[in-house]
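Please look over the sequence and the structure below before reading on. This report then takes up a few parts of the chain, one after another.

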Amino acid sequence: MATTRLHSKKQNPLSKQTDNVRTVAGFLISAFFLWLTFRAIDFSGFKIIPHTQSLLFLFAAMLVLLFSVWLQSLRMKLFWSKPPPSSPTVSTLPSLILGNLYNSIIPGNLGEAIKAWHLSRKNNLPFGNTIAALITEKWLDAHLFLFLSVLYFLYQPFQPHFIHYSVATVAFMVLGLSVVYSLMKKIKWVEKKIWSIALLYKKIGIPLFRTYLQVGYFQKHLRQQKTLLRFVLIGIGVFTLNVLQYYLLFKAVALHLPIANVSSAYLISLSMVVIIAIPSAPGNIGVLHYGVYASLLFAAHNLGIAPNTALLQTFVLYTIYLHCSCFIPEVIIGLVVLLKERNTLFQNR
């Protein structure tokens, strides 16, 4: 069969112009935040090569990440699950791994489109359905983020700091969108009014309306199959594994109490939700580093600790280890899966 580029006009839903804008914006934003992270670091005394104990904790963090990806693949199956004795037959793990790989090597989180594209071709599903499934997943995760944010602020009162502002802003956005969505579902004239306006722009409105209907279908499917609670519990499990991953990295860089605690790891996990939503270069370079670095500075501030040069360097080292704990397994395993799935991903049918 003749091969074709994934970004061909026939197959790729994203325009080349949009890709270029995201690429430029991502690299500029990443460069700015990378400069913010490293501007005050004395590299003459900076040591990045880990010792044996650090490697053990780093590898443990990588294993936790991989386990969380596997859990996410099980959760994705729930969108197409059927009651016993039928069992889910949709393959999701390779698509998740490939999505993570492309998020690590191309800018703008475009790996999400690759994930949906492969999921569609791998399982002979309409591409619109796989896109809607990913949107449904993120929509439900957004509500989970809202819940976890409320729990955090009950434990740690809100403070006028941009980390708390960022988390709170996203939480309020989710709450606002949830109110609008609920009104659309419960009051039909509100739904008709909103879509009558959107459908005036047919090229955008019609695909959005179809996706809206499909997202509603997937949510209804989870309720009918009585798997919505399982979906939410797996989401909480993935978040808990993220907290564990970030806590293990405290051990890897020898960052001790009182900063290296579960509360700090929880805050980093919440911050990562905001971080991955910001346009950035491949692997969230710069944005990830500064977001995590700022979270650690904030944690130190809350404890009344004034970081010295050595502690600041440890914070920067932590951001590098965190990036490596995601980047290394996602790229290595992703390349293996890419080699195996290359025909599914690239070839015409």
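## A glycine in a helix

In which helix is the place of Gly111? Gly111 belongs to helix 4, which covers residues 111–123, and this is a position in a predicted model. Gly111 counts as buried because its relative accessibility is 0%, and buried means a value under 20%.

Leaving aside residues up to four places away in sequence, Gly111 touches Gly99, Tyr102, Asn103 and Ile106. For one of these, Gly99, the separation from Gly111 is 12 residues in sequence and 4.3 Å in space, taken from C-alpha to C-alpha.

## Helix 10 and its surroundings

Helix 10 runs over residues 262–275, and its 14 residues reach 19 Å from the first C-alpha to the last, which is close to the 20 Å expected at 1.5 Å a residue. At the N-terminal end, helix 10 is capped by Asn261, where a side-chain oxygen lies 3.2 Å from the backbone nitrogen of Ser263.

Helix 10 is mostly covered, with 11 of its 14 residues buried, and among these buried residues are Tyr266, Leu267, Ile268, Met272 and Val274. The buried residues of helix 10 pack against several other helices, namely helix 5 (127–155), helix 6 (162–186), helix 9 (228–252), helix 11 (287–302) and helix 12 (309–340).

## Confidence along the chain

The average pLDDT of the chain is 88, and 89% of the residues score at least 70. Confidence is lowest in helix 1 (residues 16–38), with a mean of 76, and highest in helix 9, at 97. Over residues 1–14 the pLDDT is below 50, although this stretch has 26 contacts in the model beyond near neighbours in sequence.

Notes. Residues numbered from 1 in each chain as written. Predicted model: local features only at pLDDT ≥ 70, side-chain atom pairs only at ≥ 80, totals over all residues. Heavy atoms only, no water. Helix = DSSP H or I, 4+ residues; strand = E, 2+ residues; numbered from the N terminus. Expected span 1.5 Å × (residues − 1). Buried < 20%, exposed > 50% of the residue type's maximum accessible area, 1.4 Å probe, protein only. Contact = heavy atoms within 4.5 Å. Polar contact = N/O pair within 3.5 Å; in protein donor to acceptor, adjacent residues only side chain to side chain. pLDDT = per-residue confidence, 0-100.
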